[in-house]
Amino acid sequence: MSKLVIVESPTKAKTIRNFLPKGYVVKASMGHIRDLPSSAGEIPAKVKGEPWARLGVNVEKDFDPLYVIPSSKKKVVTELRAALKDADELILATDEDREGESIGWHLHEVLKPKVPVKRMVFHEITKEAIQQALNDTRQIDDNLVRAQEARRILDRLVGYTVSPLLWKKIAPKLSAGRVQSVAVRLLVIRERERRAFRTGSYWDLKALLNKRPDKPKHRFEAQLISVGDVRIASGRDFDETTGKIPEGKNVLLLDEAETLKLRERLLKGTWVITGVEDRESKRSPAPPFTTSTLQQEANRKLGWGAKQTMRTAQTLYENGHITYMRTDSVNLSDEAVSAARKRVTELYGDEYLSDKPRRYATKSKGAQEAHEAIRPAGTEMRPADSLPISGPESALYDLIWKRTVATQMTDARLKHTTVTIGVEDAIFRASGREILFPGFFRAYVEGSDDPEAALEDQDSVLPPLKVDEEVDVRELNAVGHETKPPARYTEATLVKALEAEGIGRPSTYATVIDTIQVRGYVFKQRKELVPTFVAFAVTQLLEKHFDELVDLRFTAEMEQKLDDIADGEAGWLEYLRAFFLGQAGLENQVKEKEAGIEARIASQVDFSDLDVELRIGQFGPFLARGSNGDRITAGLPDSLPPADLTPEMVEDLLNRKSDGPEILGNDPASDQPIFLKDGPYGPYVQLGEEGPKGKNGKPTKPKRTSLLKGMEKSDVDLELALKLLGLPRTLGVHPETEKDVKAGVGRFGPFIVHDGKFASLKAPDNVLEVELERALEVLAAAPAKRGSTKSVIKELGEHPEDGSPIQVLNGRYGPYVNHKKVNATLPKEQKPEEVTLEQALAMLAEKAKAPKKTVRRRRS
């Protein structure tokens, strides 16, 4: 008989298997093996008629959750049950956090083992850690399980109770969430601040001075700070909502003319050093990484989102290279501290080693000190180039290694010098900084990839200067400035804000940020997270009618209560009852308030500075205004940040809609007009008018092509429009297959296609200009599609309704017609080479109308 060890993933199973004695069998559960039902199809027949079945929680029966095994996990469960039959002991070795404890508990409940069960936890996958964990097993922690279960049920109650209200009052497919709605509100608040912001302008002078005699190292810059004992106005002096300096503030606001006049006067004066001040400071290394700080720094240094960071960290952990990556703790074990100190001595010398081991205290609420910070696994603190890793794994590991080693290095010592220079009645100031001893800077500088280069960037030394010493002015420039609106959140700053407010847990931030983008509440503009107009409408409704759900303090208190449940200091059932039931409970609040919420008002975004209705409709946000008895509407681009919508833009959009689309000319082949239009996804060209209504009651759509990335509407003339409408264009015949090679544009950008093989076309290649020879090179360089068994037999053309390609493909079960996700098998008597576009459209229409077959599965 063997001992069965269950972990979450195959990678983790493979790594841990190397460190277990003979007779241990390791299997992977592939994450959770059961959960609340995700769709109506997963609800068991015996409870389908129950009023609580859709919710998946029987509220009246003490919030009893309905757990189901998804079809995708039934095979896994069967395999685990089979493995358990040959075991005399079950060891649950899932992750050490609440999620891992919950997975272990679900495994125990489903497998119902009749052999002894042990819970084994470890925070790194090394031989020593696994051996220690085997010798120190425990039972499943019911408090951790209850806390995680309460969290899951709480999220379900919020999502499944409030989301249907959003569908009815604003738009379909919207969702609310305990953490996601608060995260969205933070982004909306910042975007409101940007809308309310008004720009202010100010001027000042910047001087390039030099100590005599003139040498490159004697040159330094100085900034004007006062004239006539009155401080020069700067950006921080302006009221952000007016763009003006508040009345009564004693500062000097210069315009361009006044600044130029002052410049001429000061150039004639004598520049004298009036003050020199030196002070020394120390900087200590930052604590080792937690989940939150790792996400923030990977975003700053590597440009990664939280999702990519956590995915890469998971790979490093499961392969035994770093400690567990979901942690709030900055604690380092004695072994890790010793290993880091040894590396410091080896690489940098004793002078860079801190006098004594440096320890850090965790400040986050709910942090578990038994856990460690994220650090290199093991006791050797091996650098990245000594491990079998590359690419993203190497980059992230190097970041973690440097941060950990730096914690045991000496402080950096710096000298700051401030010099004031007087000329006439004006005072200029110059600041310098010199690194006296780099200390931990040698290994790690926050926000920099190269510590050595960063040291040079941080050194800005002034020449030696003395009071009453005269200096020469080489340049004196008038510089204009405009105040900037509050910066939008990036993933790094949003993670920092959520953690600072105590909202959610850092281990969930990657999922939250991904979810709010997928659901259409947020889009990325460079690194900025921009809330959409839909996010504004949803946030308005929740603030007005369910303010506690998006209140920062209330949400943080919910998180603290869940921590109390995990610590055994609060009861999970009592908390759920208080939150959901009773007069003040969420269930009753939604029932009482639903009738009083008018969809017409809830779907309207209130921008008081715009003389127009801004609504959320079935197809997205749009503007509406009455004009001469008519109602004019104009769609808003999905990529338009709400703070950037100005009154001028509103007028332009409505005027263009009332004037109709621009006609570029007529198509020489069909004599149909070619229009330049605006759509929800940006501008596009269109051939001809919409056709008569089809059987589905909708007008047939003419051919349309979006403008390519980087194109402006002003660039488009008739010639360019014809080229766009001519896509995909046939470039010629492939010399090996004698089949067409084409260039076109799809949802993922420009491409080359030949015989079913697609290859992306990147800049500087242009899809409108690329020739056959270059296309063949691109195809040859493109990787083969793994596991593909289908090939293109015939290109039939584009679907008349949406312009997507229709093809005859050869699959593993024979030839069929394909359009997007609809496949129609060809009749046996039909030769695939002879299928026409009309025949294909008829087959696809018939297939789309046919009811979906219900697949009966055997019970496991």
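1. Rings of Phe, Tyr and Trp (its six-membered ring) pair if their centres lie within 6.5 Å; planes under 30 degrees apart count as stacked, over 60 as edge-to-face and the rest as tilted. Tyr348, Tyr352 and Phe437 make up one aromatic cluster.

2. This model is predicted: local features need pLDDT of at least 70, side-chain atom pairs count only at pLDDT 80 or more, and totals for chains, interfaces and linings use all residues. Residues are numbered from 1 along each chain as its sequence is written, and side-chain values use heavy atoms, with hydrogens and water left out.

3. There are twelve aromatic pairs in the structure. One of them joins Tyr202 and Phe238, tilted, at 5.7 Å centre to centre and 35 degrees between the planes. The pair links distant parts of the chain, 36 residues apart. Tyr202 is in strand E7 (residues 201–211); Phe238 is in the loop between strand E9 (230–231) and helix H7 (256–267). Helices (H or I, at least four residues) and strands (E, at least two) are DSSP runs, numbered from the N terminus. Tyr202 and Phe238 are both buried (under 20% relative accessible area; exposed is over 50%, partly exposed in between; 1.4 Å probe, protein chains only).

4. Ring centres of Tyr348 and Tyr352 are 6.2 Å apart with planes at 55 degrees, so this pair is tilted. Both tyrosines, Tyr348 and Tyr352, are buried.

5. Leu542 sits in helix H15 (residues 533–545). Its relative accessibility is 2%, so Leu542 counts as buried. Beyond neighbours within four places in sequence, Leu542 contacts Val162, Ser181, Asp547 and Val550 (contact: heavy atoms within 4.5 Å).
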